[in-house]
Amino acid sequence: MSLDALAAAALADDLGAFVGARVQDVTAVDALTLCFELYAGARRYLTLSAAPDHPGIVVTDARTRRGASAPSPLALACRARLEGARLAAVIQPPHERILRFEWKAATPVTLVAELTGRMANLILIDPDSTVLAAAHLVTAAQTRARTIVPGRPYAPPPTPLKRPPEAVSVDDVATWLAAAPADMAWRTIVARVRGVGPLAAREAVFRAAHDARAIGGDVDPAPLFETLAALTDLPTTHAWTPTIAVRAADGHVVGWAPFRLTHLAAPDVSVEDVPTTLDALARADAGRMEGGDGYDNARAAVRTALTAAAARARRRREALERELEGASAEAVERLRLSGDLILAYQWQVEPGATVLVAPVDPPLTIPLDPALTPVANAKAYFDRYHRARRAGAGVPERVAAARAAEATIEQLTADLALAENRPEIDAVLDLLGASGLAASPIRRRGAPADAASKPRRYTSSDGLTILVGRNSRQNEVVTFSLAARGDAWLHARDVPGAHVVVKAGGRPVPERTLREAAALAAWFSGARDDAAADVAVTDARHVRRLGGGGVGMVTLSHDTTRTVRPASPRTIGL
């Protein structure tokens with residue numbers, strides 16, 4: 001359940017009730033999470049986080065427990081500047097998943113909460129918008145697009161190339177649907193309209209077509225435009241009607257929103273009104289945290305290591321992508337052409353010149369080193385041309401390896417979320433060390449964790465065996481040791497999670513069993529908290545190891561999709 005711009009706007013309205021509250025204390029929950037004790041007649045606790053597995057913002061009546069690690073520079077900066085300060089305003093930039101907490105203190109400061117999932121950040125800035133501290137620092141060496149470094153100006157995330165809701169017309173909606181008639185209409189809306197997330201898009205499509213998964217060719221543009229406008233006007237009308245969708249079998253919150261979730265109502269799911277969007281988010285977060293196993297400190301330590309590894313992998317991939325862009329055939333050819341043109345028009349180059357404008361069609365401006373002769377400048381371009389050709393030959397493979405490393409860390413993060421005991425938590429740390437993606441070699445006392453752990457086995461309603469791998473090692477065993485040609489293989493699409501195999505021996509798998517296996521694949525994945533999830537289904541023979549990926553990382557082909565509600569084995573009755 002991701003937070004979109006509509007939810008951010010509703011949260012900003014709710015948080016307006018805390019304007020004037022005084023900061024009594026700032027607690028460093030972990031390196032990426034801060035808890036603010038606010039007092040205005042009563043104590044409330046505002047938790048803000050840049051951790052990828054945290055909803056980003058939660059308000060509770062109880063203090064969040066302090067972590068074991070030392071306070072981060074952001075925590076220290078917030079303590080120094082915000083203890084005793086009063087909340088002056090909470091502002092949501094239009095159509096953005098960002099909340100700006102303005103604080104009235106001796107020196108006013110702003111805490112920017114970028115609630116953008118895996119790319120979330122908390123950034124403290126001064127009145128001149130200069131960065132004071134941040135949960136995640138981003139240097140110029142990591143990316144040229146946007147740096148987050150103390151002492152440098154703060155720039156918000158780049159605006160996506162989508163239409164703002166107020167500029168959308170019924171003709172736009174009709175054009176978009178006609179351009180993708182076989183695609184699900186909600187995906188088209190998410191891709192085209194700024195600030196609208198999947199949940200809001202599904203709700204708009206359901207209200208217009210009575211089917212949240214209707215394809216574009218089956219949706220009338222006029223009703224969809226009207227339902228979309230009704231939702232995207234909420235930040236202006238403030239007519240929020242927050243609700244949660246609760247699964248009857250186990251009370252699990254499968255959806256929350258600042259509007260009525262009509263598309264999630266079902267015989268096994270009830271939609272309940274809640275007082276505020278903050279309450280809806282708190283209920284969802286409480287459900288996520290239920291069943292805590294007492295290993296919070298162990299989880300926090302592994303989570304910190306994974307977060308750091310993810311940041312390094314992302315920086316490496318971005319650097320390689322820039323290198324790949326610079327090594328494109330067009331860029332490489334331009335280096336050779338520049339050398340040729342400098343030699344051809346060297347008679348035009350004055351001593352100390354910094355550029356040559358070659359009289360070709362169109363004219364080409366070529367930067368020069370003023371300390372070199374024209375011939376030396378040409379030689380420098382030829383040298384760069386040959387180096388770029390050699391480098392370009394291996395860059396695509398290195399980019400692919402970097403993306404595989406990021407996917408491996410995402411899978412390990414899912415492993416940590418699904419771990420139910422200390423050995424399974426330790427297994428994540430062991431695999432991170434074995435992957436070579438940690439900052440330094442990981443040394444842990446004792447034998448490698450989870451060495452004897454076995455995948456789970458269930459028997460479907462039709463009597464077939466279903467195997468479920470609940471972490472990377474188990475996934476490796478399920479797919480490459482226990483699965484055979486003719487068995488059905490399943491995995492939640494586009495999220496890390498379990499490999500699920502139905503032992504079929506080449507026989508057709510009954511649809512009931514496939515849906516039970518798909519529900520398990522969704523449950524043991526990053527889509528567990530979603531109301532519905534897409535699950536890829538293929539024959540086990542079409543699953544291959546991912547080149548450059550870690551243990552249990554695969555690619556697949558010849559797959560189809562089942563859309564199911566995530567369900568636990570107990571809920572299914574297995």
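Start with the second largest pocket, whose volume is about 430 Å³. A pocket is an open set of points on a 1 Å grid over the protein atoms alone, where a 1.4 Å probe fits, with protein on both sides within 12 Å along at least five of seven lines. Its volume is the space filled by probe spheres set on the points.

This is a predicted model, where local features need pLDDT of at least 70, side-chain atom pairs count only at pLDDT 80 or more, and totals for chains, interfaces and linings use all residues. Residues are numbered from 1 along each chain as its sequence is written, and side-chain values use heavy atoms, without hydrogens and water.

**Select the lining.** The second largest pocket has 23 lining residues, each with an atom within 4 Å of a point. Pick Ala31, Leu32, Ala135, His136 and Leu137, which lie nearest its centre. Now colour strand E9 (131–134) and helix H9 (296–326); each gives two or more residues to this lining. The largest share, eight residues, comes from H9. By class, the lining has 14 nonpolar, five polar and four charged residues.

**Move to helix H4, residues 185–192.** Select Ala185, Trp186, Thr188, Ile189 and Val190: these are its buried residues (under 20% relative accessible area, 1.4 Å probe, protein chains only). Among what covers them are helix H3 (170–179), helix H5 (198–209) and helix H6 (221–232).

**Colour by pLDDT.** This is the predictor's confidence in each residue, from 0 to 100. The protein averages 85. H6 has the highest mean, 96, and H9 the lowest, 72. Over residues 289–294, pLDDT falls below 50.

Key: Helix = DSSP H or I, 4+ residues; strand = E, 2+ residues; numbered from the N terminus. Nonpolar A, V, L, I, M, F, W, Y, C, P; charged D, E, K, R; others polar. Buried < 20%, exposed > 50% of the residue type's maximum accessible area, 1.4 Å probe, protein only. Contact = heavy atoms within 4.5 Å.
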